[in-house]
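Open the model in your viewer and keep the sequence panel beside it. The tour below goes stop by stop, saying what to select and what is found there.

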Amino acid sequence: MKPASFDYVRAESAQLACELLKEHGEDARILAGGQSLMAILNMRLAQPELLVDISRSVALSTLVVRDGCLEVGAAVTQAALERRPDLASELPLLPLVFPHISHIQIRNRGTVCGSVAHADPSAELPLCLLTLQGSVVLRSAKQQRILKADQFFTGMLSTARAGDELLEAVRFPLAQPEQGFGFREFSRRHGDFAVCAVAVVAHTQGLRVGVGGVADRPMVREWPLLEGSALDDALNEFAWALDARDDPHISAVARRHIVRRLGRQAVEQARAQV
Amino acid sequence: MTSQILERSKRHSVTFELNGRLRQGYAPPRMLLTDYLRHELGLTGTHVGCEHGVCGACTVRLEGVACRACLTLAVQVDGLRVDTVEGLAGEGGVLSELQAAFKRHHALQCGFCTAGILMSSADWLARLREQGRQPSEQEVREMLSGHLCRCTGYTPIVKALMEVAHA
């Protein structure tokens with residue numbers, strides 16, 4: 001349970017981090033909060049040659065409102081976002097979600113971008129970014145590109161980030177008037193990874209429902225304002241479409257049941273605010 | 001801030017403020033802060049449990065903030081402030097308010113998890129005091145969910161924390 005050896009460098013700027021990624025490619029890993037990566041290194045599931053530590057980068061610790069989005073820099077911790085005074089009005093979904101994200105001792109150091117870049121299918125922040133139709137800012141030594149969340153998450157722990165790219169920031173679109181938000185999660189213990197998590201954005205025209213923890217990546221559906229049995233039918237179809245599998249924690253049957261039940265609860269929670 | 005590559009095969013100087021005193025030593029890049037504290041500096045109050053961030057036994061305060069020493073490299077904390085359980089008691093080993101409450105309520109048995117819980121609680125309670133807020137029992141239990149204790153059943157730990165938080 002000790003990491004294999006590696007070289008280590010601290011990068012103050014995105015530019016320096018990108019140059020190092022260009023030079024070392026897949027052999028280098030970005031270390032931000034380390035709350036996923038360090039555990040992976042300790043278990044030797046990854047053995048990079050070089051760690052590029054951005055955790056102390058002031059330039060990457062910015063949290064700003066820009067173009068109708070809250071832009072969260074690569075070194076911003078989950079706790080820093082959670083404690084942002086205006087968060088409840090800017091992104092009302094997130095205060096519902098943070099208590100479910102691991103534990104405060106992990107959120108203190110874990111970064112928002114790190115969770116998104118890691119792309120664990122049961123992690124809450126990728127689910128939120130997708131359901132809020134957010135985007136990611138990817139930067140390499142020669143260019144910067146912006147990808148929508150639905151193009152970014154490509155599978156289990158897999159994203160569209162190229163080996164020489166840094167996930168420089170993520171952008172959460174600010175809440176609009178007449179939007180409501182809902183979140184429900186089932187996990188074995190408080191703070192564990194979600195067996196199933198459902199995030200909902202309701203607006204006057206319809207619903208957007210995201211589910212994490214079931215498929216190999218968070219998935220989202222857009223529906224009109226369904227009610228009653230039409231909502232049950234839609235949730236049932238979504239639950240089956242997620243292709244739930246049996247695993248040692250829970251059966252596929254139970255997972256589908258949880259999607260239907262939590263889905264309904266989260267939709268009702270969101271619609272009550274519209 | 002250095003942007004020099006620290007080579008894996010060498011030991012690198014690491015200096016930081018530990019419990020209010022500057023301490024210096026050497027660590028290869030792969031050395032975890034837990035091992036650095038215990039083996040390099042000889043401070044064995046910080047315990048090593050799961051070594052992947054789950055159990056909470058190794059929790060220390062980094063720049064005042066509770067986090068896992070097992071998910072932190074020694075070279076990462078160069079120039080920063082680290083507080084461990086050894087720094088809680090005052091002059092002559094007089095227990096802090098929090099430690100005394102743990103003793104009074106029998107909030108530890110084997111003591112393996114205790115150092116981590118004390119460090120998390122010290123950060124958390126300080127933050128609540130800044131806000132002038134007193135936590136509910138549910139909030140105490142949520143904070144404690146980041147720590148595994150297999151002896152006490154948590155009840156006396158919750159009692160000790162509630163007493164300190166509402167003092």
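In what order do the 4 strands of the open sheet in chain A stand? Before selecting them, note that this is a predicted model. The order is β11-β12-β13-β14, and the pairing is antiparallel.

**Stop 1: the sheet of chain A**

Select residues 180-186 and 219-224 of chain A, which are β11 and β14. These two strands stand at the edges with a single partner strand each, so one side of each has no neighbour in the sheet. From one strand to the next, the twist averages 15°.

For one residue pair to look at, pick A:Val209: its bridge partner in β14(A) is A:Arg221.

Next, show residues 252-271 of chain A, helix α11. Which strands does this helix lie across? They are β11, β12 (196-202) and β13 of chain A, and the helix runs at about 30° to β12(A).

**Stop 2: the domains of chain A**

Colour chain A by its domain assignment: domain 1 is 7-53, domain 2 is 63-173 and domain 3 is 180-271. Taken over C-alpha atoms, the centres of domain 1 and domain 2 of chain A are separated by 18 Å. Where these two meet, 14 residues of domain 1 of chain A are in contact with 18 residues of domain 2 of chain A.

To see the domain 1 side of that contact, select helix α1 (residues 14-24) of chain A, which gives the most to it, with 6 residues. By class, the side of domain 1 of chain A that touches domain 2 of chain A has 6 nonpolar, 5 polar and 3 charged residues.

**Stop 3: where chain A meets chain B**

Show both chains. How many residues does each chain bring to the contact? Chain A gives 31 residues and chain B gives 32 residues. On chain A, select β1 (7-10), α2 (37-42) and α6 (104-107), each of which supplies at least two residues of the side that touches chain B. The largest share of that side, 4 residues, comes from β1(A). The side of chain A that touches chain B divides into 14 nonpolar, 10 polar and 7 charged residues.

**Stop 4: the domains of chain B**

In chain B the assignment gives domain 1 (12-87) and domain 2 (91-165). The C-alpha centres of these domains of chain B lie 21 Å apart.

**Stop 5: two helices of chain B**

Finish with helix α4 (residues 137-144) and helix α5 (residues 155-165) of chain B, whose axes come within 10 Å and cross at roughly 120°. The two helices are therefore oblique to each other, and α4(B) passes α5(B) in a right-handed crossing.

Which residues make this contact? Show these side chains:

- from α4(B): B:Glu137, B:Val140, B:Arg141 and B:Leu144
- from α5(B): B:Ile157, B:Val158, B:Leu161 and B:Met162

The residues of this contact divide into 6 nonpolar, no polar and 2 charged.

Conventions: Residues are numbered from 1 along each chain as its sequence is written. Chains are lettered from A and ligands numbered from 1 in the order in which they are written. This is a predicted model: local features need pLDDT of at least 70, side-chain atom pairs count only at pLDDT 80 or more; totals for chains, interfaces and linings use all residues. Axes are lines fitted to C-alpha atoms, for helices over the stretch in contact, and angles run from 0 to 180 degrees between N-to-C directions. Angles under 35 degrees count as roughly parallel, over 145 as roughly antiparallel, 65 to 115 as roughly perpendicular and the rest as oblique. A crossing is left-handed if the near helix is turned anticlockwise from the far one by less than a right angle, and right-handed if clockwise. Two residues are in contact if their C-beta atoms, placed from the backbone, lie within 7 Å. Ala, Val, Leu, Ile, Met, Phe, Trp, Tyr, Cys and Pro count as nonpolar, Asp, Glu, Lys and Arg as charged, and the others, Gly among them, as polar. Domain bounds come from an automatic or database domain assignment. Two strands pair if DSSP finds at least two bridges between them.
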